[in-house]
Amino acid sequence: MRKHLFEGMFRSPLTEAAPLPDEAALAELAAGVDHAARRRLGRSLSIREIDAGSCNGCELEIHALSNAFYDLERFGLRFVASPRHADVLLVTGPVTRNMRQALERTYNATPDPKWVVAVGHCAVDGGIFAGSYAVAGGVGAVVPVDLHIAGCPPTPLQLLQGLLALLAGASET
Ligand code: SF4
């Protein structure tokens, strides 16, 4: 134990330094999403995140959008706690049988006009969890999907690109 304590005091960290975000690209993308949202909706975009059964890898990247690096709210994009306040449902993971009803009820509680964005490979068709007895399928098997953002998991910049594509009318990024 003492050996490990001494080693820990003098050894450099084993983890790699986190990559710095591309600040210019981020600012341009986020401003583009904000501009497109104001043009389509007349106001900024409200997002409700739903974990329908993911491994939480996709959630970590989505949460990163709100951290001090990406700070999405400075561009007028915000995550909301209730689907009743949301324009976009950001859904991750394969839809598990336990979460199927919750996803349907959340979708029905979201006012029109609304968009559903399926985030990550698992949200497309179940991904690595496809075929499991516990999985109902991809998000599209339960609610209508407007856009898929591929990746395992997609990065925060890819998420922003997806939101921008959504507002511009695309169906896949
Ligand atoms: S796409 Fe990858 S990171 Fe996202 S829920 Fe599936 S396995 Fe996890």
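I count a residue as buried under 20% relative accessible area, exposed over 50%, and partly exposed in between, using a 1.4 Å probe and protein chains only.

**Ground rules**

I am working on a predicted model, where local features need pLDDT of at least 70, side-chain atom pairs count only at pLDDT 80 or more, and totals for chains, interfaces and linings use all residues. I number residues from 1 along each chain as its sequence is written, and side-chain values use heavy atoms, with hydrogens and water left out.

**Entry 1: the whole chain**

I started with the overall layout. The protein chain has 6 helices and 7 strands. Both kinds of element are DSSP runs numbered from the N terminus: helices are H or I with at least four residues, strands are E with at least two. Read from the N terminus, the order is α-α-β-α-β-β-β-α-β-α-β-β-α. I noted a C-alpha trace spanning about 60 × 45 × 25 Å along its principal axes. The chain has 173 residues, and 42% of them count as buried. Next I looked at contacts, meaning heavy atoms within 4.5 Å. Of those between residues at least 6 apart in sequence, 78% join residues at least 24 apart.

Is Asp87 buried or exposed? Asp87 is buried, because its relative accessible area is 3%. I found Asp87 in the loop between E2 and E3. Setting aside neighbours within four places in sequence, I listed its contacts as Leu41, Arg43, Ser44, Leu45, Ser46, Pro113, Lys114 and Trp115.

Ser46 came next. Ser46 sits in strand E1, residues 46–51. Ser46 is buried too, at a relative accessible area of 2%. Beyond four places in sequence, Ser46 touches Arg78, Val80, His85, Ala86, Asp87 and Val88.

I then followed the contact to His85. His85 lies in the loop between strand E2 (78–79) and strand E3 (88–92). His85 is exposed, because its relative accessible area is 54%. With residues up to four places away left out, His85 touches Ser46 and Val80. I also checked His85 against Ile47: they are 38 residues apart in sequence, and their C-alpha atoms are 8.3 Å apart in space.

**Entry 2: the ligand shell**

Which residues surround the ligand? I wrote down Ser54, Cys55, Gly57, Cys58, Gly120, His121, Cys122, Gly151, Cys152 and Pro153. A residue goes on this list if one of its heavy atoms lies within 4 Å of the molecule. Helix H3 (57–64) and helix H5 (121–125) are the elements that give two or more residues to this shell. Sorted by class, the shell has 5 nonpolar, 5 polar and no charged residues. For these classes, Ala, Val, Leu, Ile, Met, Phe, Trp, Tyr, Cys and Pro count as nonpolar, Asp, Glu, Lys and Arg as charged, and the others, Gly among them, as polar.

**Entry 3: cis peptide bonds**

I looked for cis bonds and started at the shell residue Pro153. The peptide bond from Cys152 to Pro153 is cis, with omega near -10°. Pro153 lies in the loop between strand E7 (147–149) and H6. Another cis peptide bond joins Asp112 and Pro113, with omega about -5°. Pro113 is in the loop between helix H4 (97–109) and strand E5 (115–119).

**Entry 4: positive phi**

I then checked backbone angles. Asn56 is not a glycine, yet its phi is positive, near 85°. Asn56 lies in the loop between E1 and H3. Asn56 counts as partly exposed, at 39% relative accessibility. Asp71, also a residue other than glycine, has a positive phi near 45°. I placed Asp71 in the loop between H3 and E2. Asp71 is partly exposed, with a relative accessible area of 31%.

**Entry 5: H2 against H6**

Last, I took up a helix pair. Two packed helices are described by the angle and the distance between their axes. The axes of helix H2 (residues 23–41) and helix H6 (residues 156–168) come within 9 Å and cross at roughly 25°. I take axes as lines fitted to C-alpha atoms, for helices over the stretch in contact, with angles from 0 to 180 degrees between N-to-C directions. H2 and H6 are therefore roughly parallel to each other. Angles under 35 degrees count as roughly parallel, over 145 as roughly antiparallel, 65 to 115 as roughly perpendicular, and the rest as oblique. On the H2 side, residues making the contact include Leu26, Leu29 and Val33. On the H6 side, they include Leu157, Leu160 and Gln161. By class, the contact has 13 nonpolar, 2 polar and 1 charged residues.
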